[in-house]
Amino acid sequence: MKIAILSHKEVANYYAANLVQRGHEITISGGGAIHAPGLKPYIECDGCLLLGDEPDLKEITDYMEASGKNVWLVVSRGAV
């Protein structure tokens, strides 16, 4: 399975390493402006893992979900 990891945080490398060890192909993005050519790496993925809740990353996951792709969400809740 080809998975896009969407994160502004350094934890993306940890998740990527674990997924690669399990045989998945990985695309990592830190967000930024969304435009048609920039969506190509995501269109080629089977799904995405969203690490965080940044609006520009959510825009990518919304697009992927609307395209029928798998979307997994990991959001840190912080200390209570």
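Mentor: Happy to! Let us begin with T61, which is buried, with a relative accessible area of 6%. Buried means under 20% relative accessible area, exposed over 50% and partly exposed in between, using a 1.4 Å probe and protein chains only. This is a predicted model, where local features need pLDDT of at least 70, side-chain atom pairs count only at pLDDT 80 or more, and totals for chains, interfaces and linings use all residues. Residues are numbered from 1 along each chain as its sequence is written, and side-chain values use heavy atoms, leaving out hydrogens and water.

Trainee: Which helix does T61 lie in?

Mentor: Helices (H or I, at least four residues) and strands (E, at least two) are DSSP runs, numbered from the N terminus. In this chain the elements run β-α-β-α-β-α-β from that end. T61 belongs to the helix that covers residues 55–66, namely α3.

Trainee: Which residues does T61 touch, not counting residues up to four places away in sequence?

Mentor: Contact means heavy atoms within 4.5 Å. With that cut-off, and with residues up to four places away set aside, the residues touched by T61 are L6, C48, L50 and V71.

Trainee: Which residues is Y42 in contact with, leaving aside its neighbours within four places in sequence?

Mentor: Y42 is itself listed in that largest core. Beyond those sequence neighbours, Y42 is in contact with A4, L6, S29, I60 and M64.

Trainee: How many disulfides does the structure hold?

Mentor: A disulfide is a pair of cysteine sulfur atoms within 2.5 Å. The sulfur of C45 has its closest cysteine sulfur in C48, 8.2 Å away, so that pair is too far apart for a bond. Both cysteines are buried, as C45 has a relative accessible area of 0% and C48 is also at 0%. The number of disulfides is 0.

Key: Core = buried A, V, L, I, M, F, W, Y, C linked by side-chain atoms within 4.5 Å.
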